[in-house]
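Here is a friendly note to read with the model open beside you. Take the points in order, and find each place in the structure as you go.

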Amino acid sequence: MRWFLIAGSLLFFSAVKAQEDKPFLCGTENLEEIKQVMLKNREEFKNFQFQRGAISYIPVKIFLVAYNDGSGQMPVLNALRMLCQLNTAYADMELQFYIKEIKTLNNSTITETPRSSGGTLQMQLNKDPKAVNIFITHKILDGVAGYYIGPAGSNNDFIVIQKDYMGDVRVAAHEVGHYLSLPHTFHGWDSEAWDPVKHGNPVQKFAPDGITINEYADSSNCGPKNVGDGFCDTPADYNFGANTCSYSLKAMDPNGKLVSPQTNNMMNYFFGCSKYLFTPQQKAAILSSYNSTSRRDIRGTSPSEVTPINQAVKLLKPADKSATASADSVLLEWEAVAGAASYLVQYDIVPTFEVFVQTFITKETKQKITGLVLNRTYYWRVIPFNDYSTCYPDPPRFSFKAGALTSVRDIPEVKSLSIYPNPVANQQLLNVYLDNHTGFSGSISIFDLNGRLVLQVPDQKFTAGASSKGLDISGLRPGVYAFVLSSRGGLASRRLTVF
Ligand SMILES: [Zn+2]
């Protein structure tokens with residue numbers, strides 16, 4: 001696996017919530033062609049017993065497509081979640097998808113207009129012929145969550161998913177269903193949802209595509225190639241696209257019998273079901289497609305690490321709710337997790353990691369973060385993963401207060417003291433940050449390494465609470481000094497480097 005990206009770059013968490021507000025629409029076209037491939041595979045594998053008991057690994061290349069100028073980066077965490085959902089959906093078929101690469105691609109044409117000829121061409125040029133290619137884009141068309149463009153083994157043969165649907169429980173699984181030859185359960189109704197005024201109730205013999213015969217409510221006419229979706233174990237469905245998982249329409253089949261669609265099938269448009277499934281015949285079609293000649297390029301490889309990760313990371317340092325010595329640089333450390341090849345590290349100023357989250361990916365069990373705001377509380381978490389295991393339980397979260405360990409016990413009035421920047425250029429102002437229990441009078445002195453007083457600011461008033469003062473140090477030559485704050489009650493010192 002090659003990680004192309006991202007350490008240090010700022011990633012805004014684009015909420016996976018958006019899809020709850022929008023109905024799911026699939027933009028896959030040429031569904032009759034997909035169904036014909038499924039029927040051909042079925043014929044080819046009709047006497048074939050698929051071997052069970054061994055996992056087949058399928059390489060996936062995920063393109064997170066930002067704009068040309070690098071803006072609009074997408075969170076890798078959502079790509080991990082997408083792969084997790086995909087693997088959950090296909091686990092009982094013993095198909096496991098693994099990360100061949102997660103790549104950040106800067107390409108405005110793809111991310112803004114994937115369906116244009118230019119966008120399609122750009123994806124053809126970027127795709128990996130030996131992987132399932134999934135492009136995550138900022139836009140598709142209004143309401144379109146994703147699509148697959150085939151046919152299998154062609155220059156196209158890739159999946160596009162709009163970024164808000166990346167972590168959805170079934171969008172990737174649905175599109176990979178098309179990739180592996182599945183039509184919609186409402187085949188023939190792909191471009192229009194049932195409308196009693198337009199299509200009648202009972203419905204006519206033929207679906208709106210003019211060639212598909214509507215399946216009966218009791219499935220008694222299923223079997224012939226041009227009836228419904230070609231599966232006898234998916235009940236009649238005339239595209240009752242809905243925002244919810246419940247079906248309450250009174251649609252009737254051509255014989256006047258009420259139909260009862262399977263709302264939680266992966267290949268329909270019912271949204272918001274708690275669990276989606278493929279039927280046994282759909283699963284058989286998926287396995288036939290996977291084993292077919294046109295899918296040979298995605299067979300035969302496996303990830304370098306196949307240990308599932310079941311364990312959360314144990315965070316070590318800084319300890320939870322502790323204070324760190326410095327805000328300039330904090331080293332986060334955690335315990336190694338069995339099977340983890342990489343760790344996704346995040347920190348933010350809110351415990352939900354949704355405001356200003358920064359993300360790093362490392363193979364080590366530590367990560368240095370720098371440039372924090374003094375005395376601000378930061379939250380951090382670490383998610384272990386490998387190419388194959390990307391599901392994570394709710395990760396533990398620690399917090400720390402940056403630089404707050406500078407409390408000065410020997411001046412009773414002072415809660416904390418720090419100086420910044422440090423090292424400091426001798427043309428810069430040195431900022432002195434103080435947080436005091438009560439106000440007091442005192443002085444600031446700077447001594448060189450020989451103990452010689454080189455700067456003194458006497459008779460200063462320091463107020464209660466947080467305050468800062470700028471100190472002109474332009475007279476100091478480069479070197480190491482002792483910065484000393486003194487009051488009647490005591491003194492506190494800091495090492496200061498001038499360059
Ligand atoms: Zn679809």
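1. A residue is called buried if 20 or more other C-beta atoms lie within 10 Å of its own, exposed if 12 or fewer do, and partly exposed in between, with the C-beta atoms placed from the backbone. Ser181 is buried by this rule, because 28 other C-beta atoms lie within 10 Å.

2. A word on the source. This is a predicted model, in which local features need pLDDT of at least 70, side-chain atom pairs count only at pLDDT 80 or more, and totals for chains, interfaces and linings use all residues. Residues are numbered from 1 along each chain as its sequence is written.

3. Now the overall picture. The protein chain holds seven helices and 22 strands; helices (H or I, at least four residues) and strands (E, at least two) are DSSP runs, numbered from the N terminus. The C-alpha trace spans about 100 × 45 × 40 Å along its principal axes. For the protein chain the radius of gyration is 31 Å, whereas a compact globule of 499 residues would have one near 23 Å. That radius is taken over C-alpha atoms, and the globule rule is 2.2 Å times the number of residues to the power 0.38.

4. How much of the chain is buried? Of its 499 residues, 42% count as buried. Next come contacts: two residues are in contact if their C-beta atoms, placed from the backbone, lie within 7 Å. Among contacts between residues at least 6 apart in sequence, 70% join residues at least 24 apart.

5. Please look closely at helix α5, residues 171–179. Nine of its nine residues are buried, so α5 is largely enclosed by the rest of the structure. Among them are His174, Glu175 and His178. The buried residues of α5 pack against β2 (25–26), α1, α2 (76–90), β5, β6 and β7.

6. Ser181 sits in the loop between α5 and α6. Asp157 is another residue other than glycine with a positive phi, near 60°. Its place is the loop between β6 (144–149) and β7 (158–162). Asp157 counts as buried, because 20 C-beta neighbours lie inside 10 Å. For context, most residues other than glycine have a negative phi, and most peptide bonds are trans.

7. Where are the cis peptide bonds to look at? One runs from Asn201 to Pro202, with omega near 5°, and another from Asn422 to Pro423, with omega near 10°. Pro202 belongs to the loop between α6 (196–199) and α7. Pro423 belongs to the loop between β16 (414–420) and β17 (429–436).

8. Helix α4 (residues 117–126) has buried residues Gly119, Gln122 and Met123. They cover an arc of only 100° around the axis, so they are on the same side of α4; the arc is that of the directions from the helix axis to the C-beta atoms. The exposed residues Ser117 and Leu125 are on the face turned away from that buried side. The cover over the buried residues of α4 includes α3 (108–112), β5 (132–137) and β7.

9. How do α1 and α7 cross? The axes of α1 (residues 31–44) and α7 (residues 280–291) come within 9 Å and cross at roughly 85°. Axes are lines fitted to C-alpha atoms, for helices over the stretch in contact, and angles run from 0 to 180 degrees between N-to-C directions. The angle makes α1 roughly perpendicular to α7, a label for 65 to 115 degrees. Met38, Asn41 and Arg42 of α1 make the contact with Ala285, Ser288 and Ser289 of α7.

10. Finally, compare two residues. Val132 lies in strand β5 and counts as buried, because 26 C-beta neighbours lie inside 10 Å. Leaving aside neighbours within four places in sequence, Val132 has contacts including Ile58, Phe97, Val176 and Tyr179. Its C-alpha atom is 6.8 Å from that of Phe158, 26 residues apart along the chain. Thr293, in the loop between α7 and β8 (315–317), counts as exposed, because 9 C-beta neighbours lie inside 10 Å. The C-alpha atoms of Thr293 and Leu372, 79 residues apart along the chain, are separated by 55 Å.

Technical notes. Parallel < 35°, antiparallel > 145°, perpendicular 65-115°, else oblique.
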